[in-house]
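Morning, everyone. Let me put the structure up, and then we can walk through it together.

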Amino acid sequence: MKPPRFEYLRPDSVGAAVALLNEHGEGARILAGGQSLIPMMNFRIAQPSHLIDITRVPGLDAITDEGNAITIGAAVRQSTVEYSPVVKDRCPLLVEALKWVAHEPIRHRGTVCGSLAHADPHSELAATSLALNATFTVVGASGERQVPAVDFFIGPFTTVIESGEMLSSVSFPVVPAGSGYAIDEFSRTHGNFAIAGGVSVIQLGADGKVASATLSMFGMASRAFRAFAAEERLIGSMPTAEAIAEAADLALVDVDCSADMHGSEEYRAHLGRVYAGRVLTSAVARAQGGSK
Amino acid sequence: MGLGGMNKLNWIGRSLPRVEDKKFLMGRGGYIDDMDLHGMLHVAVLRSPFAHAIIKGMDTSAAEALPGVVAVITGKQAAELCDWMPDFNPEPNLHKWRVLADEKVRYVGEGVAVVVAESRYIAEDGRDLIEVDYEPLAPVPSARKAQEAGAALLHDGMESNVAHDSTLAFGDVDGEFERAAHIVREHVYWGRTAAQPMETAGSVASYNPGNGMLTIHANSVALTNFSFLVAGTLKIDSNKLDLVPMPAGGSFGSKFWATRATVTAGMCSKFLGRPVKYVEDRLDHALSCDHHGSEREYDIEMAISADGEFRALRLVCTDDYGAYFQFGLGTHGNAMSQVIGPYDIKAISYRAVGVLTNKCQQGAYRGFGSEVHNFALERLVDKAAIELGVDALELRRKNFITPDKFPHKIPGGNVYDSGNYEAVLQEALKDARLDYWRAEQAKAREEGRYVGIGIVTQQERSVYAANEWWFFRGAEGVSSVPESVSLHVDALGKVSVTMYSTAFWGNSPETVAAQVLGEELGVNPDEVSFAYQGTNKGLPGSGPGGSRFTVMITGAVQGASAKIRDKAIKIAAHMLEVAEGDLEYVNGGVQVKGDPSQRKSLAEIAIMPRLFKHQLPDDITSGFDADMVYDHPYTTLPTADRSDLGIFYPMMAHATHIAVVEVDVETGGVKFLDYIAVHDCGTVVNPRSLDGQVIGGLAQGVGQALYEEFVYDDEGQIQSSSWLDYLIPSAMEIPEVRLGHHETPSPFTPYGMKGGGEGGRMHAPAAIASAVDDALKPLGATRATHLPLTPERIISMVNGH
C-alpha cells in the first residue's frame, strides 16, 4: 500500500496552480486535504504523475461572509468551517452536515472544496450544496466560471471540472431567517459512508404553507441528487404528516439506487424514503418553530 | 494449589498499572516494523486476482529490470527454495500448501510471486510490472456450492471438496432423542470474520551464509517446540533457525504462530544472503493473513425431557474452511471442551464437516471455534424456552451444573474444574435492573419503539492444551504444551525474567509475572526487568492462545521462584549459621522462623553466589538463576478405545452477559442501551487488565454480531478487503459495559487462576442476538440466527423472512 512515484509541486497562486495543471496534463492532480486522494494513491487506484499542493496558496484558506452567502476557499479545512462562528451564525446547516463527515481527525485535514470536487456519491457536503443551491467557482487557463450545484455533479467521482481546471471556492447561500433545515443519515458505523441520507431546507409562508423546499439525497445512487418531485409535492401545500409522507415516497422517483454488501437496491430505496421523511419532518418542525 | 492455606496475597488481585504500558506508550516497545538492519531489503507480494485459476506463465523481466529491484521470486522458484508449509491437519498430503502458489491459485489474494527491493515502494512498483498468465477455473465460493455435484475441485488429489466428515458421539444420544418429550431444532450461520490487530504480522529475517544461521525476528513466535517445522519448510537445519520473538501489536489469534510472513522473509533472506523485512499491509492482512476466523453453519438440536431437562445435544457443523486445511478440526476439538455449555447434558453427537472453498484458510480467532459453538448452543436454548413456553432464565437455571458436582466430567472426557453458575448469574442480575428495563420496554412498545433484553450464560474454556488436536483423528496426538521462564537474581538482588515466546500479544504477561514474583519472592513488581529469548537455545514456550498465558506463566514463575528460594535459604543458613529447617522465606528475604530480627534480605544473600564462591559451602555453585519448564497442570491421555478422549481443557471459566438494545425497525439499526458482563475466571490477578480483556473481546463480539464480515461473492471475489467495508466497531458502537467478577478458584492451577482472555467474544454475539429477538418479538419477526445482523437482515427479519 505504497503510492507509485510522483512529483510534488507547491504553487503560490491559483493562477500558478492552474498553469501547472495545464503543463502536466491528465496526470496532474490538485492536492488539498488528501483524505481521499492519498488512500486512493496508496491502493494505486489513483496514480497521479504530479501532485499540486494548494494548501499554502495565499487567500485560499479564507472563509468570507459575502452578505447573502458564505464563500469557502479551496484550502479551508472542514474543521475550520465546522468551528467557524460566522458559518455557525449564517449557515448552520453546513456545520450540522460537517458533523456527519467521517471522523474529527479526518476533518482536521480534509477540505470542504476537496470533498466537493471528489464528488463521492456518499458525500454529505455534496448533498448540502445541492439543498442550499451553492455556487462553485471553477478556474481554468481561460478564466473562471460559476457553476450552480445542480449542474456540478455528473456521476460517481465526476464533476464538470475539466482537465486543466480546479475548484477555487464554493459559495453557500446563507440559510434564510425563519427557514427550517435538517440533515440526517444512516451509516452502519459512526463516521462511515452513509447508506442513505437526506438534506432539506424549508421555508413556510405566513399562511403556514410551504413557500420553498429543497430536498437532496446522498449515499444511495451514483451521485448526490435533488429530489425535485418531492419538493414540488410540498411547495404550496400545508406540511402535514400525510403531505410529507407522500413527498418522501416521491424522493426516489426515477432514481436507480446503488447496491453493495451493505445494502441492496430495495433496502437503499426503503431507507431513502425513510430518511426523506425524517429530514422533511425535522425541517418543517424547525421552520414552524422559527428556527434559523 | 488452590487458595486454601495460602497466605494473604500482597500483589495478586491488585489493579496495578501494566508493566508493559510505558514502553509502548512512549513508542519504545520495539515493534517489528521499527526494526531496521543494515542493508535490509523489503518485500511486496503479488496476489492473485482470481479465486481459482491455473498459473500458466509469468513474465518478471520488466520488474527485474526496475532499478532498486534486487530479485523476483515466483511461486515456481519458491517451490524449489522452500518445502510445503507446516500443517496440523490429519491428512496433509491431500491438500498441501506453499508460501506462494506455484501451479494453481485457490483464493483471491493468494501470493504468486514476491518482489524484493531496496524499499517497499520500489517493491510495489516492481510488483505492478509482473505479468501473470492465468487460466481461470470455476470458482468454489461457498461450502454449499463446494458440495454440489460437478463442483470444481480445489485439490486434484481429493475426490470431493470435503476434507473431513466425521462424528463424535458420547452417551445414549439416539435413545435420548427417542425418549425426548420435546426436540428443539435451530439453524445457525456464523459469518466469516478475522482478527484485525493494529499491527499486522511481520518478520525480519537475516541469513548468515558464514555459519548457516537464519535468524528471524517475528511478532508471531509461539509453539516453539514446533519451530523445527518452520525450519523444514525453509530447508534449513532445525538448530540453525532462531525465531526471535518481538512484541505484537495485538493478535487475537491472528499471530497464532510464525508461518506466512516468517517463511516469506526467511526464504528471501536465505536466497539473497541479505536481511529482508516483510510486514503485511492491511490489504495483505485482509486477503491472505495466516488465517481468517470460522465461517460455519449449524444444524443443532436438543432432546428435552417433559420437565425441561436437557438430555442430549446433536449437531452437524459445516465449516466453510477456505483453501487449505492447516488446522484440521482443531477448532472443533476446542468446541468439544465445552460442548454442553454450563448445562448438565448427558449425551452429545457432534458431526464436523470441513469443506474446502476458494477463500483464505481458517484458523485462530479469539475463541478458536468454541465461540461459535457457544452462539449456536445459546440460540438453541433460547428457542427451547420459547417452544416450551417457559422462562429462558429459569430453563437455564434448571439445567445448570450445580457447584456440588465439580470437578464435572462431561460427555467426551473433558472435565470442568469448578464453577458456580448461579452465583455469577445472581451477580449479573443484581446489577441489571431488569425490572426497570422491562418497564422501559413496555413503555417503548407503546411508542412504537422496540427495546429488547438478552441474557446468556456461557462457558469460557481456558488454558489451551495440545490434546484438542486428538479429536477427530485416529493417531496419537502431541501432548506437550509447556511454558518456560528463567529467573536471574543479580549480585544486588535485582530480578530479571526471560520469556520464550511472543508472550506479549497485547495481553499482560510481564505484569502477571511481576505480580506473581511479588508474591513468590517478595520483590516490588515495578523493579523486575524482562527479556525474550529466541527458539535457538531457548526453553520451550507455546505462547499465549486459548487463554492460557496467565496460568502457564504463573506456574513457570512459581516453579522457578521455588528454586531461587531454596538456594536463598541454603545460603542464608550459612550466613546466619542456622539450620536450613529453621529458616523461612518471608517478604523478600530469609529469616529465622518466628524471629524477624535474624534475617538476610534477598540483596544480602544474592551477592554471595555471584562473587564469593569460597565463602560458601562447597556444594553451593556460583550463579543465582533458575529455569522452569512448566507443563499444563491437568491433562490426561484418551483411553485406547477412544470412548473417553481425556481431559484437555479443564480450566472452565464462565460468564453471564446481559445486553439491552433498541432496534430501529425502520432502518434495522441496533443501538445499545445497557450491557452487563459478569465473568468468573477463578482468582483474578489484575482486575484492571482483565476488564480490558473482557471489553476488548466484547467489542469483537459486537463486531461479529452486527458489523464485521468478509463477504465473498459468487465468483469468490472478496467484497470487504478494506476497513471501508469490513466494519470494525469503534468506541461509538461499543456499549458502556458494566463489569463484574466472581471468583471460583480452580483446584488445579497456581493460586486458583483460570484464563479470561477470550471471554467477551465468546459471549457477546449470543447476548446481542437474544436481545434483538426480544426487541422484535411483538412484530412476529424471524429469529436472529444469521450473523452478522446487518441492518438489511434485520429489516428482512421484521418482514418475516
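Which residue of chain B forms a salt bridge with A:Arg44? B:Asp125 does, and the closest N and O atoms are 2.7 Å apart. Bear in mind that this is a predicted model.

Let's stay at the interface. Between chain B and chain A, the count is 4 salt bridges. Polar contacts come next: 16 residue pairs across this interface, with both partners at pLDDT 80 or more. Where does chain B's side come from? Four helices each supply at least two residues: α4 (120-128), α9 (282-288), α18 (687-707) and α20 (791-798). Helix α4(B) gives the most, with 6 residues. By type, chain B's side divides into 12 nonpolar, 6 polar and 13 charged residues.

Now the overall extent. In contact are 31 residues of chain B and 24 residues of chain A. About 2,300 Å² is buried between the two chains. Carbon and sulfur atoms give 59% of that area.

Back to helix α4 of chain B. B:Arg120 and B:Glu124 both lie there, 4 residues apart, about one turn of the helix. Their side chains meet in a salt bridge, at 3.0 Å from N to O. Are these two buried or exposed? B:Arg120 is buried, with a relative accessible area of 12%. B:Glu124 is buried as well, at 1%.

First up, B:Lys359 and B:Asp320. They form a salt bridge, with the closest N and O atoms 2.8 Å apart. B:Lys359 sits in the loop between β15 (347-356) and α11 (370-388), while B:Asp320 is in strand β14 (residues 310-322), and 39 residues separate them. B:Lys359 is buried, at 3% relative accessible area. B:Asp320 also counts as buried, at 3%.

Next pair: B:Glu371 and B:Arg761. Their side chains meet in a salt bridge, 2.8 Å from N to O. These two are 390 residues apart: B:Glu371 is in helix α11, and B:Arg761 is in helix α19 (residues 759-776). B:Glu371 has a relative accessible area of 2%, so it is buried. B:Arg761 is at 0%, so it counts as buried too.

There is also a network. Salt bridges link B:Glu186, B:Glu378, B:Arg379, B:Asp382, B:Lys383, B:Arg396, B:Asp773 and B:Arg783. Over all chains, the search finds 67 salt bridges.

B:Cys82 is buried, at 2% relative accessible area. Another buried cysteine is B:Cys681, at 3%.

One last stop: B:Thr656. Which strand holds it? B:Thr656 lies in β26 of chain B, residues 651-663. At 0% relative accessibility, B:Thr656 counts as buried. What surrounds B:Thr656, leaving aside neighbours within four places in sequence? Its contacts are B:Val424, B:Leu425 and B:Ala428, then B:Ile455, B:Val456 and B:Thr457, and finally B:Ile676, B:Ala677 and B:Val678.

That's the tour. Over to you for questions.

Methods. Residues numbered from 1 in each chain as written. Chains lettered and ligands numbered in written order. Predicted model: local features only at pLDDT ≥ 70, side-chain atom pairs only at ≥ 80, totals over all residues. Heavy atoms only, no water. Contact = heavy atoms within 4.5 Å. Buried area = accessible area lost by both parts, 1.4 Å probe. Polar contact = N/O pair within 3.5 Å; in protein donor to acceptor, adjacent residues only side chain to side chain. Nonpolar A, V, L, I, M, F, W, Y, C, P; charged D, E, K, R; others polar. Buried < 20%, exposed > 50% of the residue type's maximum accessible area, 1.4 Å probe, protein only.
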